[in-house]
Amino acid sequence: MLEFTTRPTSVAGPVGPLTIDDLPSPTADYWVARRKAELLAAIDGGLIGLADACARYRLSGEELESWRRTIDRAGIAGLRVTKARRLRDQTVE
């Protein structure tokens with residue numbers, strides 16, 4: 001992951017350009033797949049730092065890495081909670 005000394009004003013997101021104003025609210029209680037993908041794209045593009053994202057959204061680095069592994073394995077659709085449960089159940093059996 002790149003570390004930027006100055007942050008870009010926008011980055012490529014899963015459904016178009018993202019700015020800091022497009023990021024989910026820090027008070028978001030429910031994370032839909034699109035929001036998860038947007039946050040990961042913002043982190044990858046340098047719009048927000050990993051530590052800043054963890055603090056702002058009260059998430060752990062492990063949770064974000066779990067989202068990233070899921071996207072790599074099953075795409076954005078895999079980030080849906082019901083899809084994640086199915087994938088988890090498949091790997092346990």
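Reader: Why is Glu38 called buried?

Author: Its relative accessible area is 7%. Buried means under 20%, exposed over 50%, and partly exposed in between (1.4 Å probe, protein chains only). So Glu38 counts as buried.

Reader: What kind of model is this, and how are residues numbered and side chains treated?

Author: This is a predicted model, in which local features need pLDDT of at least 70 and side-chain atom pairs count only at pLDDT 80 or more, while totals for chains, interfaces and linings use all residues. Residues are numbered from 1 along each chain as its sequence is written, and side-chain values use heavy atoms, with hydrogens and water left out.

Reader: Where does Glu38 sit, and what is Glu38 in contact with?

Author: Glu38 belongs to helix H1. Helices (H or I, at least four residues) and strands (E, at least two) are DSSP runs, numbered from the N terminus. Setting aside neighbours within four places in sequence, Glu38 is in contact with Pro14, Val15, Leu18, Asp22, Leu23 and Pro24. Contact means heavy atoms within 4.5 Å.

Reader: What makes Arg34 and Glu38 a salt bridge?

Author: A salt bridge needs a side-chain nitrogen of Lys or Arg within 4 Å of a carboxyl oxygen of Asp or Glu. For Arg34 and Glu38, the closest N and O atoms are 3.2 Å apart. That meets the cut-off. The two residues are four apart in helix H1, so about one helical turn separates them. Glu38 is buried at 7%, but Arg34 has 42% relative accessibility and counts as partly exposed.

Reader: How do you know that the length of H1 fits a helix?

Author: The expected span is 1.5 Å times one less than the number of residues. H1 covers residues 33-45, which is 13 residues, so the span should be 18 Å. Its end C-alpha atoms are 18 Å apart, and the two values agree.

Reader: Which residues of H1 are buried, and what follows the helix?

Author: The buried ones are Ala33, Lys36, Ala37, Glu38, Leu39, Leu40, Ala41, Ala42 and Ile43. Gly46 follows H1, with a positive phi near 85°.

Reader: What makes Arg7 partly exposed?

Author: Its relative accessible area is 38%. That value lies between 20% and 50%, so Arg7 counts as partly exposed. Arg7 is in the segment before strand S1 (11-13).

Reader: Which residues does Arg7 contact?

Author: Beyond its neighbours within four places in sequence, Arg7 is in contact with Gly46, Leu47, Ile48, Gly49 and Asp52. Gly49 is 42 residues away along the chain, with a C-alpha separation from Arg7 of 9.1 Å. The side chain of Arg7 also reaches the backbone oxygen of Gly46, at 3.2 Å. A polar contact is a pair of N or O atoms within 3.5 Å, and within protein one must be able to donate a hydrogen and the other to accept it; residues adjacent in sequence count only if both atoms are side-chain atoms.

Reader: Why are Asp52 and Arg7 called a salt bridge?

Author: Their side chains meet at 3.6 Å, N to O, and that is within 4 Å, so the label holds. Asp52 lies in helix H2 and Arg7 in the segment before S1, so the pair ties together parts 45 residues apart in sequence. Asp52, at 44% relative accessibility, is partly exposed.

Reader: What makes Glu65 and Arg68 another case?

Author: Their side chains also meet at 3.6 Å, N to O. They are three residues apart in helix H3 (residues 61-74), so about one helical turn lies between them. Glu65 is partly exposed at 31%. Arg68, at 17%, counts as buried. Together with Asp44, Glu65 and Arg68 form a network of salt bridges. The whole structure has four salt bridges.

Reader: How many helices and strands are there, and in what pattern?

Author: There are four helices and two strands. Along the sequence the pattern is β-β-α-α-α-α. Of the 93 residues, 32% are buried.

Reader: Which elements have the lowest and highest mean pLDDT?

Author: Helix H4 (residues 81-92) has the lowest, 58, and helix H2 (residues 50-57) the highest, 95. pLDDT is the predictor's confidence in each residue, from 0 to 100. The chain averages 84, and 81% of the residues score at least 70. Where pLDDT is low, the predicted coordinates should not be read in detail.
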